[in-house]
Amino acid sequence: MTKGDGDASTSKRRVVYAVLLGFAALGMLYLAITFVQVWHASGNDEARDVDAIVVLGAAQYDGRPSPVLEARLTAALELYERGLAPVIVTTGSNQEGDRFTQGYAGFTYLREQGVPESDLRIVVDGTNTFEELSATANVLRDESLGLRVLLVSDPYHALRAKEIAREVGLQAYFSPTDLDSSFSQLLRETAAVSVGRIVGFRRVSNLS
């Protein structure tokens with residue numbers, strides 16, 4: 001190999017390294033921007049008049065809401081009592097071995113708090129946010145209730161929940177619970193939003 005060939009090979013390697021570093025920098029910038037968006041969305045309460053309040057699922061213990069689910073249900077009840085929507089939708093399937101679904105546990109809790117059954121809807125299809133919201137959209141369409149919804153979940157969940165809702169055809173706003181969001185939760189959401197925006201949230205849900 002001549003000196004000229006060696007110089008050319010070195011030059012090509014430098015170009016490849018520069019391109020790889022450029023892509024890595026862009027990737028880091030993309031993740032950083034997404035993290036800021038996730039964090040910013042977690043602090044916003046977009047409560048307003050809508051067609052339905054949608055409570056995203058969380059764990060239940062033999063028909064009794066977990067503290068996380070109870071916080072979401074309590075927040076939804078307050079929004080309902082303010083007259084922001086005529087209907088509350090509780091969502092969530094059950095884990096293997098459970099006698100009750102998350103949606104049914106939420107329905108029972110709200111009914112015991114005085115919400116009429118006629119103002120409640122249960123969606124038990126779905127083991128993740130995409131499936132829950134897709135099934136919710138179908139119920140709202142079938143009953144001609146309207147597709148403007150106020151999603152209720154933990155603060156860190158805001159951005160991803162709204163973007164999933166838009167993907168399934170809902171016009172979504174978000175109202176958080178009063179639970180705190182940890183840094184690790186924000187990081188996980190950043191990863192989920194980052195991937196979902198690229199490949200689609202439906203594909204991400206199929207992998208989960």
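Strand 6 and strand 7 (residues 171-176) pair in the parallel sense over six bridges. Helices (H or I, at least four residues) and strands (E, at least two) are DSSP runs numbered from the N terminus, and two strands pair if DSSP finds at least two bridges between them. The model is predicted: local features need pLDDT of at least 70, side-chain atom pairs count only at pLDDT 80 or more, and totals for chains, interfaces and linings use all residues. Residues are numbered from 1 along each chain as its sequence is written, and side-chain values use heavy atoms, with hydrogens and water left out.

In general, strands of a sheet pair through backbone hydrogen bonds, either parallel or antiparallel.

These pairings belong to an open sheet of five strands with parallel pairing and the order 5-4-1-6-7. Strand 5 (120-123) and strand 7 stand at the edges with a single partner strand each, so one side of each has no neighbour in the sheet. Neighbouring strands of the sheet are turned by 25 degrees against each other on average, direction ignored; axes are lines fitted to C-alpha atoms, for helices over the stretch in contact, and angles run from 0 to 180 degrees between N-to-C directions.

Two helices can now be placed against the sheet. Helix 2 lies across strand 1, strand 4 (88-91), strand 6 and strand 7, and runs at about 170 degrees to strand 1. Helix 5 packs on the sheet and touches strand 6 and strand 7, its direction making about 160 degrees with that of strand 7. Contact means heavy atoms within 4.5 Å. Helix 5 (residues 158-167) also forms a right-handed β-α-β unit with strand 6 and strand 7: with the strands pointing away from the viewer, the path from the first strand over the helix to the second runs clockwise.

Strand 6 (residues 148-153) is largely enclosed by the rest of the structure, because five of its six residues are buried. Buried means under 20% relative accessible area, exposed over 50%, and partly exposed in between (1.4 Å probe, protein chains only). Pro 67, in helix 2 (residues 67-81), counts as exposed at 61% relative accessibility. The C-alpha atoms of Pro 67 and Leu 179 are separated by 9.9 Å, with the two residues 112 apart along the chain.
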